[in-house]
Amino acid sequence: MASETTAGPMPTTTAEAQGLWGYSRAQFVALLILIAALIAGPFFLYPVFLMKLLCFALFACAFNLLIGYVGLLSFGHAAYFGMGGYIAGYTAKAWGFTPEVAVITGALVAGLQGWVFGWIAIRRQGIYFAMITLAMAQMVYFVCVQAPFTGGEDGIQAIPRGRLFGIIDLGPDMNMYWFVAAVFLLGFVMVHRVIHSPYGQVLKAIRENEPRATSLGYRTDDYKLVAFILSATLAGVAGGVKSLVFGIATLTDVHWSMSGEVVLMTLVGGLGTVFGPMVGAAVIVTMQNYLAEMGAWVTVIQGAIFVAVVLAFRRGLVGEIANLLKVKL
Amino acid sequence: MLEFLETITGVPTPLLFGQLLLGLINGAFYAMLSLGLAVIFGLLNIINFTHGAQFMMGAFVAWMLLAWAGIGYWGALILAPLIVGATGVVIERLMISRLYKLDHLYGLLLTFGIGLMIEGVFRNEFGSSGLPYRIPAELSGAWDLGFMFMPIYRGWVVVFSLVICLATWLVIEKTRLGAYLRAATENAPLVQAFGVNVPRMITLTYGAGVALAALAGVLAAPIYSVNPQMGTNLIIVVFAVVVIGGMGSILGSVITGFGLGVVEGLTKVYWPEASATVIFVIMAIVLLTRPAGLFGRA
């Protein structure tokens, strides 16, 4: 990575130049496998489980856009995820918005929130950035506890899935699944496009050496802010879709532990890899599913995974595989 | 005089002073915890996310000492910080010390994971309902100050934590050990070249910071119920306190801690709904006007 920045301000690796639509050959194969898995998945696994997994995978991809490509550790991404969920749920239930409009509304509010918080947080770097985003998210949590529209401890319940574009009934799980899968794929491809655009190359330059990017004439704060807004918006999409899938939006989704979970998912999958966040999300969601009856031990196990990954597997699962195969994934 | 005060403030005086006292007590915990965070950050360059869990451990060790070994409050005040500090030394040696060459963010993630583990273990063992811890006989009861009743224990917490903060400041600013510490914060390799065992100093500093958190936990045990989550919510507020104060100055973090506690207490009087968020709002305002923090160096 370091060699890229010394080569010039906008490096293009040979793998990317040869690849298809900005994907390297290995990434393209992985993408095809992903699409095949998305199509075949619901015939082998419980669709609601898969939808939950996809929502968290999209959330993790949004988070990875910041930590993996700009080097910003946001420890408060639950704020955007949860707010997207609340707004989508509220507008779908109280105002009768169709699902796509409800999700977009939730995403816009989350993005707006990301704009304000990002604008405040990018004044500091590194550890301070993480602490500030965490504190801002905690503020959102307390607001959600008290605000009338969130339903406090009860949350928003019985959110209707509604009819997509007013036509397709999303009530049946399979219909909802195709909607969620489409949204996920769209979000995933969008993150990839952002990263591989000239804008994304500047983001990577900022991650590698911010003073140098500044000296090359880039307004690094503006770049970081736009990345933050994009990430928050996508997290809002993920949260909105999740609240429609389960018909409920609660305080759990804005709690700091949710912020910790998305960090864990991305870390387990591999920071800065394209496919890592979704693999990490799959691992953590599956684990929570199987260990649900173990109560607080789940917290202990999650903590242990954090420690193990930080101490021994900093590349994450996908990062290790990519390293073994000597490809970019 | 009291009627006059009531007219100015618009609230009954006992309510006002009661909340001010609660604010001072919260402020005492903010100050002690942010002090520990600042000392650890100064030398180790990591933000100790385990701090909240270690605060909670202090309270639990005090409870265990009483329930299992019959050692009361005064013994716990000395033993609990030592025991929890010792676990901190082990954590630093086994895990944190492996990360010094890496990005500081890994330290944050590691200590977050350790905190989750500790909290989870305690939740399994003790449930999340909370355990009672009695105020020691010497400090129970209340003084009638004329304008309010002051529980003696609460006054003790404020005074004792002030003494601890001042003592920490004195050790760091006025002693030879503190001079080594400050020098190592500025330039560790150079201090090591003078023959000071810097790795051991780092380990002991982490242990001391952790012990400070545990001491705050013992102080908190009789006031709040002893429960596994007592530290986590607190530590997020303390992060905001640290951002507001900036970690450059010891005295600065003490003043910020107590000041914000009082502000929070006053908010409870005048606008109770905002009391949970006021510190975060102040953080945002400070970041917009003085990004380095009130006492920080840019």
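Good morning. What we have here is a predicted model, in which local features need pLDDT of at least 70 and side-chain atom pairs count only at pLDDT 80 or more, while totals for chains, interfaces and linings use all residues. Side-chain values use heavy atoms, with hydrogens and water left out; residues are numbered from 1 along each chain as its sequence is written, and chains are lettered from A and ligands numbered from 1 in the order in which they are written.

I begin with charge pairs. Side chains of opposite charge can pair when their charged atoms come close. A salt bridge is taken here as a side-chain nitrogen of Lys or Arg within 4 Å of a carboxyl oxygen of Asp or Glu. By that rule, seven salt bridges are counted over all chains. I shall discuss some of them.

In chain A, D173(A) and R161(A) form a salt bridge, with 2.9 Å from N to O. D173(A) belongs to helix α8 (residues 173-195), whereas R161(A) sits in the loop between α7 (126-146) and β1 (163-164), so the pair ties together parts twelve residues apart in sequence. Helices (H or I, at least four residues) and strands (E, at least two) are DSSP runs, numbered from the N terminus. As for accessibility, buried means under 20% relative accessible area, exposed over 50%, and partly exposed in between, with a 1.4 Å probe and protein chains only. R161(A) is buried at 15%, while D173(A), at 27%, is partly exposed.

Also in chain A, R207(A) and E208(A) are joined by a salt bridge of 3.0 Å, N to O. R207(A) is partly exposed at 25% relative accessibility, and E208(A) is partly exposed at 30%.

Turning to chain B, which pair do we find within helix α5? E119(B) and R123(B) both lie in this helix (residues 104-126), four residues apart, or about one turn. Their side chains meet in a salt bridge at 3.2 Å, N to O. E119(B) is buried, at 6% relative accessibility, whereas R123(B) is partly exposed, at 23%.

Finally, the threonine. T256(B) is placed in helix α11 (residues 250-270) of chain B. Is T256(B) buried or exposed? With 5% relative accessibility, T256(B) counts as buried. A polar atom of its side chain lies 2.5 Å from the backbone oxygen of G252(B). Beyond its neighbours within four places in sequence, T256(B) is in contact (heavy atoms within 4.5 Å) with V241(B), I244(B), G245(B) and F295(B).

Thank you for your attention.

Technical notes: Polar contact = N/O pair within 3.5 Å; in protein donor to acceptor, adjacent residues only side chain to side chain.
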